[in-house]
Amino acid sequence: MYALRSLSKLVWGANESAETFKLTSGVLYEERAGAKVARKCIYKDSELCIRKTSTPYQYQLVAIRALEEGEDLSDSLDDERSFLIGIELKFTPTIFEGAHGFRWNDVGESTYEFIADESATKSVREAFAMAVARCAWERKHRREYTEADAGEIKEIMDRAEDEELERLLDSVKLDDADMEAAVGPMSPMKPQPVDPEVAAAAAAPIAPPTFDLPTEPAEMADGEITVSALGELYMFDAPSGEFVQVAKEVALTVVEVGKYEYCMNVASNDRSFTSQVIEPEMNAVFNHDHGSLIWNYFDQNRAYSFSMVTVDEKHYEALHQGMTRAAYETLNQESWNKATVASQDYILDAYEEDVDMLPEPEMWASDEEDEEYEEEEVEEDEEYEEEEVEEDEESDEEDEDEESDEDEIDKIFSRAPGSQGVKTSREVETESESESESESEDESESEGESGTESGAGADSGSGTAKNSKLAVGYKHGRSFVVRGSRIGVFRHTDGDEIVFDTSINHVDDTRGREFTPSTMMLHEQDSALVLQDAQRPNELFKMDLEYGKVVEEWRVHEDVPTVAVAPTTKYAQMTGDRTLVGLSHNMLYRIDPRLRDNMIVQDQQQAYVTKSHFTTAAATESGAVAVGSAKGEIRLFDRLGVRAKTVLPALGEPILGIDVTSDGRYVVATCKTYLLLVDTKLPDDANGRTGFMKAFPQAQKPAPKRLQLKPEHVVYMGAPIAFTPAKFNQAPDAQGSEKTIVTSTGPFVVTWNLRRVLGTGRGDAYHIKQYQDTVVADNFRFGQDRSIVVTLPNDVQSVKRSQLAKPTRESLMIRSSGSLL
């Protein structure tokens, strides 16, 4: 009786806490039908509580991961699972391996179990189950549970238990003893008397939530309404880290304001909330299971994240299709009806969060090395947490030195000999033992000048140039950074650090004309750099790194400007292959510098009559090529000189960068606000072929997965997303071993674990690290994904992947004085 009274005070009116009586210790499991692992542990140590929401008569069942030593859960965004309490939850007692707990359903196919420890006595568990049933009754009837008849709440509990028993009977055959064991803990509880104090407290009015809504629009977009949907509106409240309801009923309308121009209006009977142009910066995420749309809204002061939960599936489907159509027509400037049905399905899938991809490769499913890899990742995280305290103590000192960084970097560069070349294979192989003995001394001196996080120097002319391009060496442990008309050379140490080595102070063509490289690619076993000047798109320049100067100029074609170059195979830069892949706006071709006049190999070119607006290319280990375009299309070629085997429809956003795994199974394309991960394996193909080898059946386009940041995380970051070209880690010695994807936006470096994305289907499970300045380029150190080279405008750093962590409120909020938050 006392336990129930204590619980009632907390749930229905007492002021002690927003979270109610808790089952303080237990294990949370998830069961998902059809999943590779049918039952998995979510939290090894957690608590279960009932939480009152800001909406009257609505409560959440919340499982929270228990704090570890030194942790502050208030800064965490991903360590709890919440479920709206209703009759559909089917909350029932259960037993697992002799331990008692509770079982309930989530929206979709998942079922959860919380198995409590021995501290949760039978009376405490019964009180908790009664409280959940009362919450469900209040939500159904929108009245206080004290107004319920004695049998109504018991009926809710009995119905859930009957359905659970029926589920058990359908799944297994039970003898009498088993039946008694199954039914025993599910016996109905007696109605409890109502505490008069609790009833009085429950009658008190609930204060409305306090948070800042964006300024009400002066006027709403006007035009033809193409879509209208009804639902509840929520807004992400940054201080609490939760979505809170701001309106019980709103209308979301998509309005055509001009030809292929659309706006989205959201309003209730009481006020207007937003009126915004439909564009990529909205970062829209649809979720079919929850019938919801989450998006970002920016005004002059800050970023917001809204969520609309539609009233039913019909309204959700109308909203999903209408918004996708509007986004497509806005970005492509053509009618949605021009796209084939298969293309429309592909695009609709790309905009939905919970799209299933094909199963991951079989060799991954049984890969013991991957388990060790995850364990190593955890150990590295723990080591980093210990180091983080020391880094925090140094951060104040770093901030004071930040203003003088650029001047110091320029001094370092000015001391570096401009005519000195870079060690190539010939020099590396002939280095004497005496040089290696003195290396540690030289390294100490270099680190004394520039530290382990060094930056390329400023342009010798104006002194205003910034770092802009990065090329990570495949051999000899070197990376190269463009800074105006200079190229900085950095050396990777055995400890995964990076130190300044030397510089090439002037990038001049063979006639002595200085230029700033707009493209830089390592070539011929890292003995050369292929450079391009944006002012002369028909030419390429070969810099010999042994001498540190341009030794050849290649005029590719008089009438064909080259917009991008790439190696002929994934790891061609490790070989002596002199040819490379070139792109013009509508042509893919092989470039052979040994040819005179026209360097395009005639039988290895493919031109398109219409302007395809090609932007970027990447090759597999076998020489198949993936090409992205400004329209957003992705073409897959099995070789040069033929038409693409597969053309994946354009979502509308330009492809800024593209990469492909060695075996061609996965392609990652970078758009401004998201990455598009595509599994190219043909479904039901007995030979395991991919879209590079054979066209996809018209009705079986691959299901793309959008990797994007959560809109609520963007609220903390305070600015729209703008990704740099994403890369897989490189591993030429192990087939199919790409494990991680890296990219950046603003001051944040972001990684996705490829296997985790494919295993869970979640495109929003990522790790992140913030820097003091904008990240302009990033890539993994060659041959592993343990460390990442990060290029800032005035700095070059090497960061361990273990130093990236799950997003938290503290790690996401912009630290600069110009923060929007």
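Predicted model: local features only at pLDDT ≥ 70, side-chain atom pairs only at ≥ 80, totals over all residues.

Start with strands E28 and E29. Strand E28, residues 625-629, pairs with E29 in the antiparallel sense, over four bridges. Find Ala 626: its bridge partner in E29 is Leu 636.

E29 has another partner. E29 also pairs with strand E30, residues 646-648, in the antiparallel sense, and three bridges join them. Ile 634 has Leu 648 in E30 as its bridge partner.

Which faces of E29 are covered? Both faces are, along residues 634-637. Recall a general point: in a regular strand the side chains alternate between the two faces of the sheet. Here, Ile 634 and Leu 636 are on one side, and Arg 635 and Phe 637 are on the other. All four of these residues are buried.

Keep E30 in mind and move to helix H7. H7 covers residues 341-350, and seven of its 10 residues are buried. Those are Ala 342, Ser 343, Gln 344, Tyr 346, Ile 347, Leu 348 and Ala 350. What do they pack against? The buried residues of H7 pack against H6, E30, strand E33 (675-679) and strand E34 (705-707).

That brings us to helix H6. Thr 324 has its place in this helix, which covers residues 313-332. Is Thr 324 buried or exposed? Buried means under 20% relative accessible area. Thr 324 has 1% relative accessibility, so it counts as buried. Its side chain reaches the backbone oxygen of His 320 at 2.7 Å. Set aside the neighbours within four places in sequence, and Thr 324 is in contact with Phe 286, Trp 336, Ile 347, Leu 348 and Tyr 351.

H6 lies across strand E8 (224-237), strand E9 (242-258), strand E10 (261-267), E12, E13 and E14. H6 runs at about 105° to E8.

Now the sheet those strands belong to. It is an open sheet of seven strands, with the order E11-E10-E9-E8-E14-E13-E12 and antiparallel pairing. Which strands sit at the edges? Strand E11 (272-277) and strand E12 (285-287), and each pairs on one side only. Neighbouring strands of this sheet are turned by 30° against each other on average, direction ignored. Zoom in on one pair. Strand E13, residues 292-298, and strand E14, residues 303-310, run antiparallel and are joined by seven bridges. Tyr 297 stands opposite Tyr 304 in E14.

Next, the core. The largest nonpolar core has 52 residues. Those with the most contacts inside it are Leu 252, Met 264, Ile 278, Leu 293, Trp 295, Met 323 and Leu 676. Which element gives this core its largest share? H6 does, with six residues. Take Leu 293 as an example. Beyond its neighbours within four places in sequence, Leu 293 has contacts including Leu 252, Met 264, Phe 306 and Met 323. There is also a second, separate core of 34 residues, which includes Tyr 43, Leu 48, Ala 116 and Ala 120.

One more sheet. This open sheet has four strands in the order E19-E20-E21-E22, and the pairing is antiparallel. Its edge strands are E19 (517-523) and E22 (549-555), and each pairs on one side only. Neighbouring strands here are turned by 25° against each other on average, direction ignored. E21, residues 539-544, runs antiparallel to E22, with six bridges between them. In that pair, Asp 544 stands opposite Lys 549.

A quick word on cysteines. How many disulfides are there? The count is zero. Cys 263 has 11% relative accessibility, so it counts as buried. Cys 671 counts as buried too, because its value is 2%.

Last, the whole chain. It has 16 helices and 41 strands. Buried residues make up 51% of its 821 residues. Look at contacts with a separation of 6 or more: residues 24 or more positions apart account for 58% of them.

How values were computed:
Residues numbered from 1 in each chain as written. Heavy atoms only, no water. Disulfide = S-S within 2.5 Å. Buried < 20%, exposed > 50% of the residue type's maximum accessible area, 1.4 Å probe, protein only. Pairing = 2+ DSSP bridges. Helix = DSSP H or I, 4+ residues; strand = E, 2+ residues; numbered from the N terminus. Axes fitted to C-alpha atoms, helices over the stretch in contact; angles between N-to-C directions. Polar contact = N/O pair within 3.5 Å; in protein donor to acceptor, adjacent residues only side chain to side chain. Contact = heavy atoms within 4.5 Å. Core = buried A, V, L, I, M, F, W, Y, C linked by side-chain atoms within 4.5 Å.
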